[in-house]
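We will go stop by stop.

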Amino acid sequence: MISPLHIQTVREVVRTGSFADAARNLGYTASAVSQQVAALERACGLVLFERRARSVRPTSAAFLLVSKGNDVLSALATLERELRTVASGERGALRLGSFPTASSRILPRVLAELSRVRPGIEIKLSEGEPDELLPELLDGDLDLQLVYRYDLFPRGWPDQIVETPVMDENLVLCVPDGHPLAGRRTARLRDLRSETWIASRPDSCGAQALLRLCGTAGFTPNIAFRSNDYAVVCGLVGCGLGIALVPALGCVPHPGLRTLRLSRRTPRRHVTVLRRTSNSNPLVKDAMRGLMDVARDVEAEISGATGP
């Protein structure tokens, strides 16, 4: 096996014409240089130098090794420089996973800032529900994954995953303009038993949280329409087809939509970010910092928009 160290040694011997001079320039002993050359000759099966009393004469094989070896050393030096830029976060790839409302309200600002401060990096985004993307995170195809959980629908993650809180958001009650509650700031859950509801798919955490929440008030909600797109949910409410309980991040303004909070106990959804304990990507630290900064601003915005 030819090593870069051996190529450098042979190159210096060819340049100086002497093992002793090459050793002095490289900081080795003459014996060490002689041993390196002998080992390389054995590996190649060729004679690289004709030994003389006070000097050595390179053979054609030595000149070939130096000629081709210069390209190898140059390529290795380039690789080393590129690896240093990856280690410093100047280059490399960051792979993120997220769910739709976070992708809409949080990630655009985060990704824009990362692209500004790290123009040489590549950013990839995959979107889906937490359980859909979790296998990609575990397999190493994602560096970070934004997920959520509801107060009434707790969940855990595999041992190799670290979970970091990002922000909390209230669940907002959406009613159509003209609804008896439209002019109020709060509503009691027990007063909503006769309402027609709009919710997400039955297997979603949001729909399960709604069922459990209504169960605490002693009724099962009458769900007439379902969509996992909160823009659709808000649109249906705005057109007078029912009421809905949506996360503040998913509350999409609509001309016929009014929002209020549930009194006494306001249910919440918690946004967190997952990463593998073994992930060594240097860009993760910058992404985490950006997520926290933007989420803090977004949390303040939605708190002001949905009232105290």
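**Stop 1: aromatic rings**

Start with the aromatic pairs: there are 3. The rule takes rings of Phe, Tyr and Trp (its six-membered ring) with centres within 6.5 Å; planes under 30 degrees apart are stacked, over 60 edge-to-face, and the rest tilted. Select F99 and Y148. Their rings sit 4.8 Å apart, centre to centre, with 75 degrees between the planes, so the pair is edge-to-face by that rule. The partners come from distant parts of the chain, 49 residues apart. F99 is in the loop between β3 (92-98) and α5 (100-105), while Y148 belongs to strand β5 (residues 144-150). Helices (H or I, at least four residues) and strands (E, at least two) are DSSP runs, numbered from the N terminus.

Before moving on, note the ground rules. This is a predicted model, where local features need pLDDT of at least 70, side-chain atom pairs count only at pLDDT 80 or more, and totals for chains, interfaces and linings use all residues. Residues are numbered from 1 along each chain as its sequence is written, and side-chain values use heavy atoms, with hydrogens and water left out.

Are F99 and Y148 buried or exposed? F99 is buried at 1% relative accessibility, and Y148 is buried at 7%. Buried means under 20% relative accessible area, exposed over 50%, and partly exposed in between (1.4 Å probe, protein chains only).

Y150 is buried, like Y148. Together, F99, Y148 and Y150 make one aromatic cluster.

**Stop 2: a buried asparagine**

Select N279. Look for this residue in the loop between β12 (268-276) and α10 (283-306). N279 counts as buried, with 18% relative accessibility. Its side chain makes a polar contact with the side chain of D143, at 3.0 Å. A polar contact is a pair of N or O atoms within 3.5 Å; within protein, one must be able to donate a hydrogen and the other to accept it, and residues adjacent in sequence count only if both atoms are side-chain atoms. A polar atom of the N279 side chain also lies 2.8 Å from the backbone nitrogen of N281. Which residues does N279 contact, leaving aside neighbours within four places in sequence? They are L142, D143 and V284. Contact here means heavy atoms within 4.5 Å.

**Stop 3**

Select residues 230-238. This is α9, mostly covered, with 7 of its 9 residues buried. Among them are Y230, C234 and L236. At the start of the helix, a side-chain oxygen of D229 comes within 2.9 Å of the backbone nitrogen of A231. After α9 comes G240, with a positive phi near 85 degrees.

Step on to G242, in the loop between α9 and β10 (244-247). G242 is buried at 9% relative accessible area. Not counting residues up to four places away in sequence, G242 touches P176, T196, I198, L236 and V237.

**Stop 4: salt bridges**

How many salt bridges does a search of the whole structure find? The count is 16. Each is a side-chain nitrogen of Lys or Arg within 4 Å of a carboxyl oxygen of Asp or Glu.

- Select R116 and E113: they meet at 2.7 Å, N to O. They are 3 residues apart in helix α6 (residues 107-117), about one helical turn. R116 is exposed at 57%, and E113 is partly exposed at 37%.
- Select R155 and D131: this bridge is also 2.7 Å, N to O. R155 lies in the loop between β5 and β6 (161-176) and D131 in helix α7 (residues 130-138), so the pair ties together parts 24 residues apart in sequence. R155 is partly exposed at 29%.
- Select D293 and R296: their closest N and O atoms are 2.9 Å apart. Both are in helix α10, 3 residues apart.
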